[in-house]
Amino acid sequence: MDWHSIFEIARGDAAFLFPEAMLVFFGLATLLTDFLLTTEQKSWNALTAMLGVALSGASLWVLVRPAAEYVTAFSNSIVVDPFFICFGCVLLAATAFTILLSVRYLQVAGRQGAEFYALILFAATGMLFLASGSDLVVLFVALEMMSISFYILTGYFRSERRSNEAAVKSMLTGAFSSAVLAYGFSILYGIAGSTNLQAIERAVLQRHADFPGMDLLTFLALGTITAGVFAKIAAVPFHFWAPDAYEGAPTPVSAYISVGSQVAGFALLLRLYLTVFWPVNVDWSALMAVAGVLSLTVGTFAALTQTNLKRLLAYSSIAQGGYILLGLASAVNRDGSLHERGLQATVFYIFTYVFFNAGAFAVVTLLQRRGEINDEIDDLNGLARRNPVAAVLMLIFLMSLGGIPPTAGFVAKLLVLWSLVESGHPYLALAAALFILPSVYYYFRIVAAMWVREPGEEPATPLITVAQKFALAGMVAVTLAAGIFPEQFLHFARYSVLGPLGL
Amino acid sequence: MFFFSDHHILCTVLLTPLFGALAVWCVPRGLAELQRKVANGFALLGLGVALPLIWKFHADAPEPFQFVTDGNWIPSLGVHFRLGLDGISLTMVLLTALLGAVAILSGWSAVREREKEFYVWMFLLQAGLLGVFMSLDFVLFFVCWEALLVPLYLLIAGWGGAKRGEAAMKFLLYGIAGSVVTLLAILALAHARGTFDLREILLHPFMADAGKLSFWLFWGFFLAFAVRVPMFPFHTWFADALAEAPTPAAVMLAGALLSTGAYGFLRISVPMLPVAALRYQGLMIALSLIAIVYAGFICVAQKDLKRLVAYASISQMGFCTLGIFTLTPLGLYGSVLQQVSHGVVTAALLIATGILSERRGAETVSDFGGWAKLRPRFAAIFTVAALAAAGLPLLSGFIAEFTVLRGAYDLRWSVAAWAVLGIILVAGALLLMIQRTLFGAAADSTAENSVEEIAASSGLADLNLRELAPLGALLLVSLWVGIYPGPLLRTLKRPVERTFENAFLVCFPKARAVEPTRGASDGQKMDRTQPNSVTGAATPSANAPAAEKAK
């Protein structure tokens, strides 16, 4: 093989694989170079991983221009469009934050392995393929790639009971949900005789025209696929694994599962709903509305009494997922036409959620000390005295989660409520608005611990390393910028769903 | 001057507290004295930059809002950064600026830990309040309305009394509960009208043809405003929050935050939803009267100084809502006067009680006594403030309550009678408080110690100049409003007229003929027919031809 042919391949379809290829390449590189490093140098693995994320981001940047033409590659099995570019950016940001937060966490925990970073990059690869895949096989393999990496990462602390329990739980439910999803995919294949999404789209549309009203096969596919994806995004009633997994996993991994898995799941959901299942949009809109309200109810009320921060944030993630589902419900007008602002609201919510939710987990990560994870609410006592900067950062992230201006969370909730009102679902808007009140209560229980209560016997100030500073700065910058000057972020959200997906 | 031009002055006023927060934040940790000085400097600057508004504002200008600043904030949502003032909001902005300066000055000795953070939150709170009064865009209004809850929450939670956690959480949850429903109301309103512009909706209020929507909107907004005022069933957060808050936060809470509720009624509920306001007028008046009388009774029974002031405050704010929902020009004038009066007088009372508890370390009435002999300056100030709150003529409380009562009397005499009962109760409670704290046997003197010895003992001195200045300024404002409210009324004339006429004379053309009490507004109506007579009814020379024409 000569160099020339490699360039030929790189100029062809393979160019569209560069973002994922970089992640895989550097993931393998961390594994291969690990043996060269001494124990003190293990944190350099993070540097290699970050380099991979950066190069992957750079290749995404190069793909912006072709993405405007919605190119497909490898006989239509992946598609490079604005949707992929935008979700890719956000997922890579989440990956970068996770890596930056992990360095000190692993150092303190005393288990700094190359495999941790490699697995994070492999999970990111799966996520990117979930955003770009346009073939059922690619999507399924991508989903499994992400999920399996997460199972291992969740159980990364082998000697810890909680970590083990979390890994087993999430693996069992994950395997089950993957099976259900695969069943749904097989029905789609049965309908179309092809695994390609565009072919399936045509077939479903044809079927919808042939059998107006109830078409059992389409609904079966819709139901099973929705159930499978709901388990990945921890939407009620498929959420049971989430609180245990978040609590048991290393905190940076909890953050990564919470934002990465959820966002990638939503990418899959949006891709399928906006293309394949668009003919039955009124039905899935109702499904989203029910699941959204259920997620809000369960997430909110379960979070009210939690004392463990990670569990609380897990339930809060479920509730936040409820808002996103309601946003998706509002993307369809009552007459079945597309409501653009609803779609924009959904995507805006997903994108900004990554930053402020990861931010809340990041502050919890700071609390960790040798031998203890410190993830109870009481561990935050008097943080406003001990470390005002960390306390204010946590305040901003919690305000955003609670939807209080001037933060990204406020604009996101405003958009969702507004599009619910405009798309003719005022009662859903009322429900969504009323759930803000209890959610503010449980978020501000954390704030109260930081400001009202006295610091306990350990006044040790949480240390913030340079890597963590970078991560926190990025998260808080987006949280505030998208709250105060949301215009550019709204454009970004709109751009991401341009083209075949709706707009 | 760039910063004080008509288009920039509101931004200057709004941004000064934010820059104050930034400046205090930049002072290194540990330099508490410097932080305090910078904070006070910016607080005074905040008042200073607001003062030019007084002489730049034209009370008789034909356009409804002046100093309009309009920037495209979120173009894809049609949300603008739009600021502007009319007479009512000008009054509120000046009140907030004054209270902001006074509050921060009053925290000089009261706040002795984590000063930097404290001042940052104070400035953010002030900016939020100013934003509420200035904004002419619903989204901006809401952002300020809700965002200011957090700084105040933190001020109470971080620097408050023993039960600060519960009090702060209660305050926050009440505030958020009101806000979320209001957010929906704003979205529904924008959905119906396709704009977030307040001016646009003020020009075309929701009339009878809007159907049920206007009633839903009314209740949506009502919840938020009623929680803030606080009106009768929603008042329970206030006494707790005020009792636990540190003095500077308490001053902003009672003086300015409560006014945002009344301002909301004046700016949104009544002029934009006149049909609904008229329909629920009876209920609103009943709730106001309950607040006035019920809070009055609680006031009499209170032992705790700050709680006493809190319930007196609820009773006085009852007059604000009563005035608004009499839906007469006099009532509206009275309501704004009462907001000003309540703001400055309650602030003075709170600072005074703050000084008392700071020196004595106690907050129960019976812990004090005989202070008049030892601390004459303090006694004089405290007495004047209490009398102003009790409604003594020549002080602001009297003129405000009198105007509201006059409006209420026109509506129905029994309404005024019930309101008077409330005044008597509050006055009685305040006078009793004065008697027990300032006169009688000195609680801190014993047979062995002479008066002079106690006075000289550390921590129990009379007021120093730094404490005297803010109290004096507040009482001077009260005195000025009480003796010569003319300029204030002239400022309010246009917006009050507009609120009244826009909504009611347009909505019910017959109302003018039926109501005998609207004579005064008829005269003013004539002035509006000739917008070229710039001075309007304010000066006799311009008024004379108008009166002739009226004949």
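Student: Where is Pro237(A) placed?

Tutor: Pro237(A) sits in the loop between helix H10 (216-233) and H11 of chain A. Keep in mind that this is a predicted model.

Student: What makes the peptide bond from Val236(A) to Pro237(A) worth a look?

Tutor: That bond is cis, with omega near 5°. Most peptide bonds are trans.

Student: Which bond in chain B is cis, with omega near -15°?

Tutor: The one from Val229(B) to Pro230(B). Pro230(B) lies in the loop between helix H10 (212-228) and helix H11 (236-244) of chain B.

Student: Back to chain A. Why is helix H11 (residues 241-248) of chain A called largely enclosed?

Tutor: A residue is buried if 20 or more other C-beta atoms lie within 10 Å of its own. Eight of the eight residues of H11(A) are buried, so the helix is largely enclosed by the rest of the structure. Among them are Trp241(A), Asp244(A), Tyr246(A) and Glu247(A).

Student: What covers the buried residues of H11(A)?

Tutor: The cover includes helix H7 (136-154), helix H8 (161-192), helix H12 (251-274) and helix H14 (309-329) of chain A.

Student: How do you know whether Leu327(B) is buried or exposed?

Tutor: Count the neighbours. Leu327(B) has 22 C-beta neighbours inside 10 Å. The cut-off for buried is 20 or more, so Leu327(B) counts as buried. Its place is the loop between helix H15 (305-326) and helix H16 (329-360) of chain B. Phi of Leu327(B) is near 55°, a positive value in a residue other than glycine.

Student: Why is Arg114(B) called partly exposed?

Tutor: Arg114(B) has 17 C-beta neighbours inside 10 Å. Buried needs 20 or more and exposed needs 12 or fewer, so 17 makes Arg114(B) partly exposed. Arg114(B) is in the loop between helix H4 (87-110) and H5 of chain B. Phi of Arg114(B) is positive too, near 45°.

Student: How do helix H2 (residues 18-33) and helix H6 (residues 114-132) of chain A run relative to each other?

Tutor: Their axes come within 8 Å and cross at roughly 165°. Angles over 145 degrees count as roughly antiparallel, so H2(A) is roughly antiparallel to H6(A). The crossing is left-handed. Residues that meet include Leu23(A) and Phe26(A) in H2(A), and Leu121(A) and Phe122(A) in H6(A).

Student: What about helix H7 (residues 149-159) and helix H8 (residues 164-193) of chain B?

Tutor: Their axes come within 8 Å and cross at roughly 165°. That angle is over 145 degrees, so H7(B) and H8(B) are roughly antiparallel. H7(B) passes H8(B) in a right-handed crossing.

Student: How many residues does each chain give to the contact between chain B and chain A?

Tutor: The contact takes 25 residues from chain B and 25 from chain A. On the side of chain B that touches chain A, helix H6 (138-147), H7 and H8 each supply at least two residues. The largest share of that side, 14 residues, comes from H8(B).

Student: What makes strand S1 (residues 66-74) and strand S2 (residues 79-85) of chain B a pair?

Tutor: Pairing needs at least two bridges. S1(B) and S2(B) have six, in the antiparallel sense. Gln66(B) stands opposite Leu85(B). The two strands form a hairpin with four residues between them, and Gly78(B) in the turn has a positive phi of about 70°.

Conventions:
Residues numbered from 1 in each chain as written. Chains lettered and ligands numbered in written order. Predicted model: local features only at pLDDT ≥ 70, side-chain atom pairs only at ≥ 80, totals over all residues. Axes fitted to C-alpha atoms, helices over the stretch in contact; angles between N-to-C directions. Parallel < 35°, antiparallel > 145°, perpendicular 65-115°, else oblique. Left-handed = near helix turned anticlockwise from the far one by under 90°. Contact = placed C-beta atoms within 7 Å.
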